[in-house]
Amino acid sequence: MISIYNLCKAYNGVPVLTDVRATIEKGEVVAIIGPSGTGKSTLLRCINGLETPDGGSITVNKVDVTRADTDLAAVRQKMNMVFQNFNLFNHLAVLQNLTLAPIQLLKEDPMAAANRARALLTKVGLGDHQFHYPSQLSGGQKQRVAIARCLAMNPDVMLLDEPTSALDPRNIGEVLSVLTRLADEGMTMVIVTHELEFAREVADRIFFMSDGAIYEEGTPEHIFGNTQRQKTREFIIQSRSLCFTAAIKRPDLHGLHGSIRDFCKNNGLDRKIRHDLQLLSEEVIQLISAAVEQTAHKHEGHITVAIDYFSNRDRVQLIVGAPKWIPDPLQPDDSNEIALALINNMSTGVSTSMEEQRRIITVTL
(Lines give C-alpha, C1' and ligand atoms only; values in the text may rest on other atoms or scores of the structure.)
Protein backbone atom coordinates (compact mmCIF):
# COMPACT_ATOMS: atom_id res chain seq x y z
CA MET A 1 0.00 0.00 0.00
CA ILE A 2 2.89 2.39 0.82
CA SER A 3 6.34 2.19 -0.75
CA ILE A 4 9.19 4.51 0.27
CA TYR A 5 12.44 4.54 -1.71
CA ASN A 6 15.64 6.54 -1.11
CA LEU A 7 13.73 9.26 0.78
CA CYS A 8 15.83 12.26 1.82
CA LYS A 9 14.92 15.51 3.55
CA ALA A 10 17.00 18.35 5.00
CA TYR A 11 16.20 21.62 6.76
CA ASN A 12 18.62 24.52 6.17
CA GLY A 13 21.21 22.05 4.96
CA VAL A 14 20.89 19.78 8.01
CA PRO A 15 19.86 16.21 7.02
CA VAL A 16 16.72 14.96 8.78
CA LEU A 17 15.93 11.93 6.63
CA THR A 18 18.67 10.02 4.82
CA ASP A 19 17.91 7.24 2.35
CA VAL A 20 14.75 5.91 4.04
CA ARG A 21 13.42 2.73 2.44
CA ALA A 22 10.30 0.86 3.55
CA THR A 23 7.12 -0.86 2.44
CA ILE A 24 3.82 -1.07 4.33
CA GLU A 25 1.16 -3.59 3.36
CA LYS A 26 -2.62 -3.24 3.42
CA GLY A 27 -4.05 -4.01 6.87
CA GLU A 28 -0.65 -3.73 8.53
CA VAL A 29 0.04 -1.69 11.67
CA VAL A 30 3.54 -0.20 11.75
CA ALA A 31 4.82 1.61 14.83
CA ILE A 32 7.75 4.01 14.41
CA ILE A 33 9.87 4.44 17.54
CA GLY A 34 13.22 5.98 18.36
CA PRO A 35 14.88 8.91 20.14
CA SER A 36 13.66 12.47 19.62
CA GLY A 37 15.04 14.25 16.57
CA THR A 38 15.55 11.16 14.42
CA GLY A 39 13.02 12.14 11.74
CA LYS A 40 9.98 10.10 12.80
CA SER A 41 7.40 12.88 12.45
CA THR A 42 9.09 14.24 9.32
CA LEU A 43 8.77 10.82 7.70
CA LEU A 44 5.04 10.77 8.47
CA ARG A 45 4.57 14.30 7.09
CA CYS A 46 6.41 13.37 3.90
CA ILE A 47 4.13 10.36 3.41
CA ASN A 48 1.10 12.65 3.70
CA GLY A 49 2.60 15.31 1.43
CA LEU A 50 2.83 17.91 4.20
CA GLU A 51 6.58 18.07 3.63
CA THR A 52 8.29 17.96 0.24
CA PRO A 53 11.23 15.53 0.16
CA ASP A 54 14.56 16.58 -1.33
CA GLY A 55 14.97 13.21 -2.98
CA GLY A 56 13.47 9.77 -3.36
CA SER A 57 9.88 8.71 -3.87
CA ILE A 58 6.77 7.70 -1.92
CA THR A 59 3.91 5.83 -3.54
CA VAL A 60 0.53 5.28 -1.88
CA ASN A 61 -1.79 2.88 -3.68
CA LYS A 62 0.56 3.21 -6.68
CA VAL A 63 0.26 7.02 -6.72
CA ASP A 64 3.57 8.87 -6.36
CA VAL A 65 2.85 11.59 -3.78
CA THR A 66 6.22 13.25 -4.43
CA ARG A 67 5.40 14.21 -8.01
CA ALA A 68 4.59 17.88 -8.56
CA ASP A 69 1.47 17.06 -10.61
CA THR A 70 -0.06 14.67 -8.03
CA ASP A 71 -3.45 15.68 -6.64
CA LEU A 72 -2.54 15.53 -2.94
CA ALA A 73 -6.05 16.47 -1.85
CA ALA A 74 -7.39 13.35 -3.54
CA VAL A 75 -4.65 11.20 -1.97
CA ARG A 76 -5.35 12.57 1.51
CA GLN A 77 -9.03 11.68 1.24
CA LYS A 78 -7.91 8.06 1.53
CA MET A 79 -4.92 8.69 3.80
CA ASN A 80 -5.89 10.77 6.80
CA MET A 81 -3.60 12.03 9.53
CA VAL A 82 -4.17 12.41 13.28
CA PHE A 83 -1.95 15.06 14.87
CA GLN A 84 -0.61 15.17 18.41
CA ASN A 85 -2.32 18.53 19.06
CA PHE A 86 -5.74 17.41 17.73
CA ASN A 87 -6.20 20.25 15.13
CA LEU A 88 -9.95 20.45 15.74
CA PHE A 89 -11.99 23.44 14.59
CA ASN A 90 -12.62 25.21 17.89
CA HIS A 91 -15.58 27.22 16.54
CA LEU A 92 -17.45 24.08 15.48
CA ALA A 93 -19.27 21.54 17.64
CA VAL A 94 -18.00 17.97 17.66
CA LEU A 95 -20.59 16.75 15.15
CA GLN A 96 -19.72 19.59 12.76
CA ASN A 97 -16.01 18.75 13.06
CA LEU A 98 -16.81 15.27 11.79
CA THR A 99 -19.22 16.19 8.99
CA LEU A 100 -17.46 19.20 7.44
CA ALA A 101 -14.96 17.29 5.25
CA PRO A 102 -17.31 14.47 4.13
CA ILE A 103 -19.92 17.03 3.03
CA GLN A 104 -17.51 19.46 1.33
CA LEU A 105 -14.91 17.06 -0.09
CA LEU A 106 -16.78 13.80 -0.57
CA LYS A 107 -20.09 15.53 -1.40
CA GLU A 108 -21.96 13.30 1.04
CA ASP A 109 -25.58 13.96 1.87
CA PRO A 110 -25.60 16.04 5.11
CA MET A 111 -28.06 13.73 6.81
CA ALA A 112 -26.06 10.62 5.89
CA ALA A 113 -22.83 12.31 7.00
CA ALA A 114 -24.39 13.25 10.36
CA ASN A 115 -25.68 9.73 10.94
CA ARG A 116 -22.28 8.24 10.17
CA ALA A 117 -20.60 10.82 12.43
CA ARG A 118 -22.88 9.88 15.33
CA ALA A 119 -22.05 6.20 14.81
CA LEU A 120 -18.32 6.98 14.84
CA LEU A 121 -18.63 9.08 18.00
CA THR A 122 -20.38 6.15 19.66
CA LYS A 123 -17.56 3.89 18.46
CA VAL A 124 -14.95 6.04 20.23
CA GLY A 125 -17.09 6.37 23.35
CA LEU A 126 -18.33 9.93 22.80
CA GLY A 127 -21.87 9.38 21.54
CA ASP A 128 -23.28 11.90 24.02
CA HIS A 129 -20.76 14.65 23.13
CA GLN A 130 -21.90 15.55 19.60
CA PHE A 131 -23.00 19.06 20.56
CA HIS A 132 -20.00 19.85 22.76
CA TYR A 133 -17.30 22.25 21.58
CA PRO A 134 -13.59 21.35 21.78
CA SER A 135 -13.11 23.76 24.70
CA GLN A 136 -15.52 21.59 26.70
CA LEU A 137 -13.53 18.38 26.15
CA SER A 138 -10.55 16.82 27.91
CA GLY A 139 -7.38 16.10 25.97
CA GLY A 140 -8.28 12.44 25.62
CA GLN A 141 -11.76 13.30 24.37
CA LYS A 142 -10.33 15.76 21.82
CA GLN A 143 -8.00 13.10 20.46
CA ARG A 144 -10.84 10.58 20.19
CA VAL A 145 -12.84 13.18 18.27
CA ALA A 146 -9.82 13.68 15.99
CA ILE A 147 -9.67 9.92 15.38
CA ALA A 148 -13.42 9.80 14.65
CA ARG A 149 -13.03 12.76 12.27
CA CYS A 150 -10.30 10.85 10.46
CA LEU A 151 -12.54 7.76 10.20
CA ALA A 152 -15.40 9.88 8.84
CA MET A 153 -13.45 10.16 5.59
CA ASN A 154 -13.41 6.35 5.31
CA PRO A 155 -9.63 6.25 4.80
CA ASP A 156 -7.56 3.33 3.55
CA VAL A 157 -4.62 4.45 5.72
CA MET A 158 -4.37 6.32 9.02
CA LEU A 159 -1.19 8.20 9.92
CA LEU A 160 -0.87 9.08 13.62
CA ASP A 161 1.84 11.42 14.89
CA GLU A 162 2.42 10.87 18.63
CA PRO A 163 -1.33 10.62 19.29
CA THR A 164 -0.89 10.54 23.09
CA SER A 165 2.04 12.93 23.63
CA ALA A 166 -0.14 15.94 24.52
CA LEU A 167 -2.34 14.00 26.92
CA ASP A 168 -2.48 13.71 30.67
CA PRO A 169 -1.57 10.13 31.74
CA ARG A 170 -5.16 9.45 32.79
CA ASN A 171 -6.34 10.13 29.20
CA ILE A 172 -3.77 8.01 27.40
CA GLY A 173 -5.47 4.68 28.01
CA GLU A 174 -8.78 5.73 26.48
CA VAL A 175 -7.07 6.78 23.22
CA LEU A 176 -4.89 3.68 23.02
CA SER A 177 -7.91 1.42 23.52
CA VAL A 178 -9.61 3.02 20.48
CA LEU A 179 -6.49 2.55 18.35
CA THR A 180 -6.14 -1.05 19.50
CA ARG A 181 -9.71 -1.74 18.43
CA LEU A 182 -9.06 -0.18 15.00
CA ALA A 183 -5.97 -2.36 14.59
CA ASP A 184 -8.01 -5.44 15.43
CA GLU A 185 -10.52 -4.42 12.74
CA GLY A 186 -7.78 -4.38 10.08
CA MET A 187 -7.19 -0.65 9.63
CA THR A 188 -3.83 0.12 8.01
CA MET A 189 -2.00 2.41 10.43
CA VAL A 190 1.42 4.03 10.66
CA ILE A 191 1.93 5.32 14.19
CA VAL A 192 4.78 7.43 15.53
CA THR A 193 4.70 6.74 19.24
CA HIS A 194 6.71 6.86 22.45
CA GLU A 195 4.31 4.37 24.10
CA LEU A 196 6.54 1.33 23.74
CA GLU A 197 4.21 -1.13 25.42
CA PHE A 198 1.39 -0.02 23.14
CA ALA A 199 3.67 -0.42 20.10
CA ARG A 200 4.64 -3.87 21.30
CA GLU A 201 1.01 -4.91 21.75
CA VAL A 202 -0.64 -3.46 18.64
CA ALA A 203 1.99 -3.32 15.88
CA ASP A 204 2.69 -5.97 13.27
CA ARG A 205 6.10 -4.41 12.64
CA ILE A 206 8.31 -1.89 14.41
CA PHE A 207 10.53 0.65 12.64
CA PHE A 208 13.33 1.87 14.90
CA MET A 209 14.70 5.15 13.55
CA SER A 210 18.12 6.58 14.27
CA ASP A 211 20.05 9.39 12.56
CA GLY A 212 17.32 9.98 9.98
CA ALA A 213 17.05 6.41 8.74
CA ILE A 214 15.28 3.18 9.62
CA TYR A 215 18.10 1.60 11.59
CA GLU A 216 16.22 -1.64 12.20
CA GLU A 217 12.80 -3.11 11.53
CA GLY A 218 11.14 -6.28 12.68
CA THR A 219 8.33 -7.84 14.64
CA PRO A 220 7.69 -6.58 18.18
CA GLU A 221 9.06 -9.89 19.47
CA HIS A 222 12.34 -9.29 17.64
CA ILE A 223 12.76 -5.59 18.40
CA PHE A 224 11.87 -5.83 22.09
CA GLY A 225 13.23 -9.27 22.85
CA ASN A 226 15.87 -10.48 20.40
CA THR A 227 17.55 -7.51 18.71
CA GLN A 228 21.33 -7.71 18.51
CA ARG A 229 21.82 -4.22 17.11
CA GLN A 230 23.44 -1.87 19.58
CA LYS A 231 21.41 1.34 19.12
CA THR A 232 18.09 -0.50 19.25
CA ARG A 233 19.07 -2.44 22.34
CA GLU A 234 20.35 0.67 24.11
CA PHE A 235 17.15 2.59 23.32
CA ILE A 236 14.91 -0.19 24.63
CA ILE A 237 16.97 -0.52 27.82
CA GLN A 238 17.15 3.23 28.43
CA SER A 239 13.43 3.71 27.85
CA ARG A 240 12.71 1.25 30.64
CA SER A 241 15.24 2.64 33.07
CA LEU A 242 15.66 6.03 34.69
CA CYS A 243 18.70 7.36 36.48
CA PHE A 244 18.65 10.72 38.25
CA THR A 245 21.49 12.26 40.23
CA ALA A 246 20.99 14.80 43.01
CA ALA A 247 23.17 16.50 45.59
CA ILE A 248 22.74 15.24 49.13
CA LYS A 249 22.30 18.82 50.23
CA ARG A 250 19.22 20.42 48.65
CA PRO A 251 18.32 17.68 46.14
CA ASP A 252 16.33 18.86 43.12
CA LEU A 253 13.01 17.18 43.94
CA HIS A 254 11.15 19.11 41.26
CA GLY A 255 13.55 17.82 38.63
CA LEU A 256 13.23 14.29 40.01
CA HIS A 257 9.44 14.44 39.91
CA GLY A 258 9.55 15.65 36.30
CA SER A 259 11.88 12.82 35.28
CA ILE A 260 9.63 10.25 36.95
CA ARG A 261 6.60 11.76 35.20
CA ASP A 262 8.30 11.47 31.79
CA PHE A 263 9.52 7.95 32.54
CA CYS A 264 6.03 6.77 33.46
CA LYS A 265 4.54 8.44 30.38
CA ASN A 266 7.10 6.83 28.09
CA ASN A 267 6.37 3.40 29.51
CA GLY A 268 2.59 3.66 29.75
CA LEU A 269 2.61 3.46 33.55
CA ASP A 270 -0.54 4.82 35.13
CA ARG A 271 -1.01 7.86 37.32
CA LYS A 272 -1.03 5.88 40.57
CA ILE A 273 2.38 4.31 39.88
CA ARG A 274 3.76 7.72 38.97
CA HIS A 275 2.41 9.20 42.22
CA ASP A 276 3.76 6.28 44.27
CA LEU A 277 7.23 6.53 42.70
CA GLN A 278 7.39 10.28 43.30
CA LEU A 279 6.28 9.94 46.93
CA LEU A 280 8.47 6.92 47.70
CA SER A 281 11.59 8.49 46.18
CA GLU A 282 11.01 11.66 48.17
CA GLU A 283 10.50 9.70 51.40
CA VAL A 284 13.69 7.66 50.87
CA ILE A 285 15.68 10.83 50.14
CA GLN A 286 14.32 12.41 53.32
CA LEU A 287 15.38 9.32 55.29
CA ILE A 288 18.88 9.62 53.81
CA SER A 289 19.00 13.32 54.68
CA ALA A 290 17.94 12.52 58.25
CA ALA A 291 20.65 9.86 58.45
CA VAL A 292 23.24 12.38 57.24
CA GLU A 293 22.27 14.74 60.07
CA GLN A 294 23.32 12.04 62.53
CA THR A 295 26.91 12.19 61.27
CA ALA A 296 29.64 14.80 61.47
CA HIS A 297 30.06 14.70 57.70
CA LYS A 298 29.84 17.92 55.68
CA HIS A 299 27.07 16.74 53.34
CA GLU A 300 29.42 15.85 50.50
CA GLY A 301 28.54 13.40 47.79
CA HIS A 302 25.41 12.71 45.82
CA ILE A 303 22.32 10.54 45.69
CA THR A 304 21.33 8.49 42.63
CA VAL A 305 17.72 7.56 42.00
CA ALA A 306 17.12 4.77 39.49
CA ILE A 307 13.87 3.18 38.34
CA ASP A 308 13.71 -0.13 36.49
CA TYR A 309 10.53 -1.31 34.80
CA PHE A 310 10.22 -5.02 34.10
CA SER A 311 7.24 -5.21 31.73
CA ASN A 312 7.39 -9.00 31.42
CA ARG A 313 6.91 -9.28 35.18
CA ASP A 314 4.76 -6.18 35.62
CA ARG A 315 7.17 -4.94 38.30
CA VAL A 316 8.74 -1.57 39.06
CA GLN A 317 11.77 -1.09 41.29
CA LEU A 318 13.00 2.14 42.85
CA ILE A 319 16.73 2.00 43.61
CA VAL A 320 18.34 4.82 45.58
CA GLY A 321 22.10 4.94 46.08
CA ALA A 322 24.00 7.04 48.61
CA PRO A 323 27.61 7.24 49.90
CA LYS A 324 28.58 4.27 52.05
CA TRP A 325 29.39 6.44 55.07
CA ILE A 326 25.71 7.24 55.57
CA PRO A 327 24.12 5.18 58.38
CA ASP A 328 21.41 2.73 57.36
CA PRO A 329 18.37 4.99 56.78
CA LEU A 330 15.99 2.03 57.15
CA GLN A 331 17.09 1.41 60.73
CA PRO A 332 13.95 2.34 62.73
CA ASP A 333 13.99 5.03 65.40
CA ASP A 334 11.53 7.57 66.77
CA SER A 335 12.26 10.12 64.04
CA ASN A 336 11.56 7.96 61.00
CA GLU A 337 8.79 5.67 62.21
CA ILE A 338 6.04 7.31 60.12
CA ALA A 339 8.15 7.46 56.95
CA LEU A 340 9.14 3.79 57.23
CA ALA A 341 5.53 2.76 57.79
CA LEU A 342 4.46 4.71 54.70
CA ILE A 343 7.18 3.14 52.53
CA ASN A 344 6.36 -0.37 53.75
CA ASN A 345 2.63 0.10 53.16
CA MET A 346 3.10 1.42 49.61
CA SER A 347 5.56 -1.25 48.46
CA THR A 348 5.86 -5.02 48.25
CA GLY A 349 9.42 -5.06 49.54
CA VAL A 350 12.17 -2.79 50.92
CA SER A 351 15.82 -3.67 51.44
CA THR A 352 19.22 -2.07 51.96
CA SER A 353 22.63 -3.35 50.89
CA MET A 354 26.23 -2.26 50.29
CA GLU A 355 27.62 -2.35 46.76
CA GLU A 356 31.22 -1.17 46.23
CA GLN A 357 31.27 2.42 47.51
CA ARG A 358 27.50 2.91 47.74
CA ARG A 359 24.68 2.13 50.12
CA ILE A 360 21.72 0.89 48.07
CA ILE A 361 18.06 1.10 49.11
CA THR A 362 15.71 -0.94 46.89
CA VAL A 363 11.94 -0.49 46.96
CA THR A 364 9.76 -2.82 44.88
CA LEU A 365 6.25 -1.82 43.81
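**Entry 1**

A crossing is left-handed if the near helix is turned anticlockwise from the far one by less than a right angle, and right-handed if clockwise. Helices (H or I, at least four residues) and strands (E, at least two) are DSSP runs, numbered from the N terminus.

I am working on a predicted model, in which local features need pLDDT of at least 70, side-chain atom pairs count only at pLDDT 80 or more, and totals for chains, interfaces and linings use all residues. Residues are numbered from 1 along each chain as its sequence is written, and side-chain values use heavy atoms, with hydrogens and water left out.

I then looked up the angle between helix H10 (residues 253–266) and H11, which is about 150 degrees, with the axes 9 Å apart. Axes are lines fitted to C-alpha atoms, for helices over the stretch in contact, and angles run from 0 to 180 degrees between N-to-C directions. On the H10 side I listed Leu253, Leu256, His257, Ile260, Arg261 and Cys264; they meet residues of H11 including Arg274, Leu277 and Ile285. Contact means heavy atoms within 4.5 Å.

H11 also packs against helix H12 (residues 337–346), at an angle of about 145 degrees and with the axes 10 Å apart. This crossing of H11 and H12 is left-handed. H11 brings Asp276, Leu279, Leu280, Glu283, Val284 and Leu287 to the contact, and H12 brings Ala339, Leu340, Leu342, Ile343 and Met346.

**Entry 2. Leu277**

Is Leu277 buried or exposed? Leu277 is buried, because its relative accessible area is 0%. Buried means under 20% relative accessible area, exposed over 50%, and partly exposed in between (1.4 Å probe, protein chains only). Not counting residues up to four places away in sequence, Leu277 touches Ile260, Cys264, Ile307, Val316, Leu318 and Leu365. I also checked Ser347, which is 70 residues from Leu277 along the chain; their C-alpha atoms are separated by 9.8 Å.

**Entry 3. The sheet of 6 strands**

I traced an open sheet of 6 strands in the order E6-E7-E8-E3-E9-E10, with mixed pairing. Two strands pair if DSSP finds at least two bridges between them. Strand E6 (79–82) and strand E10 (213–218) are at the edges; each has a single partner strand, so one side of each has no neighbour in the sheet. On average, neighbouring strands are turned by 20 degrees against each other, direction ignored.

I compared two pairs of strands. E9 (residues 205–210) and E10 run antiparallel and are joined by 5 bridges, with Ile206 having Gly218 in E10 as its bridge partner. Helix H1 (residues 40–47) packs on this sheet, where it touches strand E3 (29–33), E6, strand E7 (157–161), strand E8 (188–192) and E9. Helix H5 (residues 139–151) packs on the sheet too, touching E6 and E7, and its direction makes about 175 degrees with that of E6.

E6 and E7 pair in the parallel sense over 4 bridges, and Asn80 stands opposite Met158 in E7. In a regular strand the side chains alternate between the two faces of the sheet. In E6 both faces are covered: Met79 and Met81 on one side, and Asn80 and Val82 on the other, are all buried.

**Entry 4. The sheet of 4 strands**

I found another open sheet, of 4 strands, in the order E2-E1-E4-E5 with antiparallel pairing. Strand E1 (residues 2–11) and strand E4 (residues 55–60) pair over 5 bridges; the partner of Ser3 in E4 is Thr59. H1 packs on this sheet and touches E1, E2 and E4.

**Entry 5. Cores**

I looked up the largest nonpolar core, which has 46 residues; Ile33, Ile147, Met158, Leu182 and Met189 touch the most other members. A nonpolar core is a set of buried Ala, Val, Leu, Ile, Met, Phe, Trp, Tyr and Cys residues joined through side-chain atoms within 4.5 Å. Helix H6 (residues 169–184) gives this core its largest share, 7 residues. Apart from this core lies another, of 33 residues, among them Leu269, Ile307, Tyr309 and Val363.

**Entry 6. The whole chain**

Last, I noted that the protein chain has 12 helices and 15 strands. Of its 365 residues, 50% count as buried. Along its principal axes the C-alpha trace spans about 80 × 45 × 35 Å.
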